[in-house]
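Thanks for coming. I will go through a few local features of one model, so please have the sequence and the structure open.

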Amino acid sequence: MTADIASKTRYRIGGMDCASCGAKVQNAVARLGGVTAVDVSVSNGTMSVSHDGPAPSAAITRSVKWLGYSVAPVDTPGDAADGGPEGAAHSHFELGEGAWWSSRKAVLTWACGAALAAAYLAGQVMPAIGHWAFIAAMAVGLVPIAWRAIAAALTGTPFSIETLMSIAAIGAIFIGATEEAAIVVLLFLVGELLEGVAASRARASIQGLTALVPKTALVEVNGVTTEVQAATLVVGATILVRPGDRIPADGEIIDGQSSIDEAPVTGESVPRHKGPGEPVFAGTINTDAVLRIRVTAAASDNTIARIVKLVEQAQESKAPTERFIDRFSRIYTPAVLVVGALVAILPPLFLGAAWSEWIYKGLAILLIGCPCALVISTPAAIAAGLSAGARRGLLLKGGAVLEALRDIDMVALDKTGTLTEGKPVVTDIVAYGRSEQKLLSLAAALETGSSHPLALAILTRAKADKAPVPPAANAKAVPGKGVSGTVGGEAVYLASARAAAEKAVLTDAQKACIDAFNDDGKTVSVLLVDDTVVGLLAIRDEPRADAIMGLEALRASGIGLVMLTGDNRRTAAAIGKNLGIDVRAELLPEDKQRIVRELQAEGRKVAKIGDGINDAPALAAADIGIAMGGGTDVALETADAAILHGRVADIANMISLSHQVMANIRQNITIALGLKGVFLVTTILGYTGLWPAILADTGATVIVTLNALRLLGVRFDKGAASTR
């Protein structure tokens, strides 16, 4: 185990399935010497501990295991696998290993249920021992619960769900309600089991992404193919991927063309055709032909690993609503004990009511008032929302970001690589006296071997149109003007319009055509053969296919739009006109940051979208910074969120996800408090008792968790990016 530079160590905690679990672990570890801060994520089953000097690992392990949870550093193989030495009596069992019905938590529930059934039969056969039989049946489940209550109290959490449960069950024995007490204990264990199943499902949602990457890969060395473990692949290795196989690593195609099914990673339902030079992601499926791929990222740094890591870190960051609920619950639980005591004592003392009746009601209120459902209402929804977003390429760095997105009313977008594809393409070919294909052949011959973006655009178009590329002799760049050479015995010159005008006379029609292309934001290259104009090539970085649809979705939500770009005004204005968006052009990085600050000064909540180093200052200044597509490392580091697959429509989807999550949280809080309110009234009026009261807590917790899990299947508006 190794602490990082910030003196923070992460641990995997096994067996946590509710917010109460996280609170107990956090309180216990925070009391240890040398520990400065503790962040526990129940959704991930992880804990981050900040500390002065070396991590007090032994003390941390001892405290966590004393509570009945397993613990291991995140980088330890098989972390969180063992349940600790204390045994079944007080273990909060891990559901992640094997079938849930055979876990030790499930076994305890089955045992308690069987004991209750046996007690009932014993009471029917020998009524005299029925009372003691139900006490014995209750003890099967209550002893582990009471032990956990004692352990929690000794480590800083005296007001836990187990404490309230133990007081209620033991109190029921003294007033003779042993049968109900045994039923309540069983229902509590069933509720915990269901909570664990639901929490396990939520946790598995994002961790399941790792299963998409195959375990083995075919590595090619000197023409020989060998099967190796995918985790051992190194950057630069050449791998062979057969049709139907999953791609085992992030890489770049070096040979072959095939359709790649990216649905498992991106959610896109239509496979994308890719060829040499194009990137592929680990976990996607090669459908058509054999591909040779050069590995560009190690297993620990591939797309899926980065998604999982980012979401795990995000789930450890609490949203403002979650922090408020946590603070509220610290006051709420002791208040429930006081209210329960007052209900049990005041009516008998001052109204002459029956002690047994009102003690019974007071005990029921303890069960009704358990805070689990309320406390988990927010983190369960946020964890599900973060996971749902990640599986669709929407990465958010924490619940605070997810919550803040709902308030965004202005989106400022970069142009290149955000609204546009980020690579120029040949949009128009105008030929004079020769065919378009011949024109492409001559231009591509001169540009062969060049890495200039305009040259790559011409070569890509020639390849797409299957234009033959003859060899060029004496090809050379003419600085600031173009490139020249000899192709098939003809002197060929590909130049800017201004440079071409120095060599040849452009007709009025040709000048008008060039001006029209320029007005559309296109760069025009003029092709001359023996100083005669034979054609024009118009090149532009085109808007993304979904740009118009994505911007319309934002407008429909009442969100303002502006383009902030460092590009020239003419090109930016042409793109802006096509997309129907206001444009601010020829901006330096500090100008973009200044404009974001000005919008904020007007009271706007600003999201800045960009993908380059020059966007980093504005991304940091915005209320929410969102990196688009692959982005640069600086942009991704600075941003609060990332749209992994570069779809403009995903900006609206990300904001929609925020609204759906916050609506889910409101539903959860209403369910949690509503059920408690209903059962509180019915209990005081004498209509419900102990066993319905436990349903107000464990039942509400299960309902809230299942409601949050609905977010895993979140759908966006029609026309937005496809989801699975």
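I start with Arg 242, which is partly exposed, at a relative accessible area of 43%. The model is a predicted one, and that applies to everything I say here. Arg 242 sits in the loop that joins strand 7 (238-241) and strand 8 (251-255). What does Arg 242 touch, once its neighbours within four places in sequence are left aside? The contacts are Leu 218 and Asn 286. Leu 218 is 24 residues away from Arg 242 along the chain, and their C-alpha atoms are separated by 9.2 Å.

Next, another loop, the one between strand 20 (523-529) and strand 21 (532-540), where Asp 530 is found. Asp 531 lies in the loop between these strands too. Asp 530 is not a glycine, yet its phi is positive, about 50°. For Asp 531, also a residue other than glycine, phi is positive and near 65°.

Now the aromatic rings. How many aromatic pairs are there? The count is one. Its members are Trp 66 and Trp 147, in an edge-to-face arrangement, with 5.6 Å from centre to centre and 65° between the planes. The label edge-to-face follows because planes over 60 degrees apart count that way. Trp 66 belongs to helix 2 (residues 57-66) and Trp 147 to helix 4 (residues 130-154), so the pair ties together parts 81 residues apart in sequence. As for accessibility, Trp 66 is partly exposed at 30%, and Trp 147 is partly exposed at 34%.

Last, a pair of helices. Two packed helices are described by the angle between their axes and by the distance between the axes. For helix 14 (residues 436-447) and helix 15 (residues 453-464), the axes come within 9 Å and cross at roughly 135°. That angle makes helix 14 oblique to helix 15. The crossing of helix 14 with helix 15 is left-handed. Which residues meet there? From helix 14 there are Leu 440, Ala 443, Ala 444 and Glu 447, and from helix 15 there are Ala 455, Ile 458, Leu 459, Arg 461 and Ala 462. Sorted by class, this contact between helix 14 and helix 15 holds seven nonpolar residues, two charged ones and no polar ones.

That is the end of my tour.

Notes
Residues are numbered from 1 along each chain as its sequence is written. This is a predicted model: local features need pLDDT of at least 70, side-chain atom pairs count only at pLDDT 80 or more; totals for chains, interfaces and linings use all residues. Side-chain values use heavy atoms; hydrogens and water are left out. Axes are lines fitted to C-alpha atoms, for helices over the stretch in contact, and angles run from 0 to 180 degrees between N-to-C directions. Helices (H or I, at least four residues) and strands (E, at least two) are DSSP runs, numbered from the N terminus. Angles under 35 degrees count as roughly parallel, over 145 as roughly antiparallel, 65 to 115 as roughly perpendicular and the rest as oblique. A crossing is left-handed if the near helix is turned anticlockwise from the far one by less than a right angle, and right-handed if clockwise. Contact means heavy atoms within 4.5 Å. Ala, Val, Leu, Ile, Met, Phe, Trp, Tyr, Cys and Pro count as nonpolar, Asp, Glu, Lys and Arg as charged, and the others, Gly among them, as polar. Rings of Phe, Tyr and Trp (its six-membered ring) pair if their centres lie within 6.5 Å; planes under 30 degrees apart count as stacked, over 60 as edge-to-face and the rest as tilted. Buried means under 20% relative accessible area, exposed over 50%, partly exposed in between (1.4 Å probe, protein chains only).
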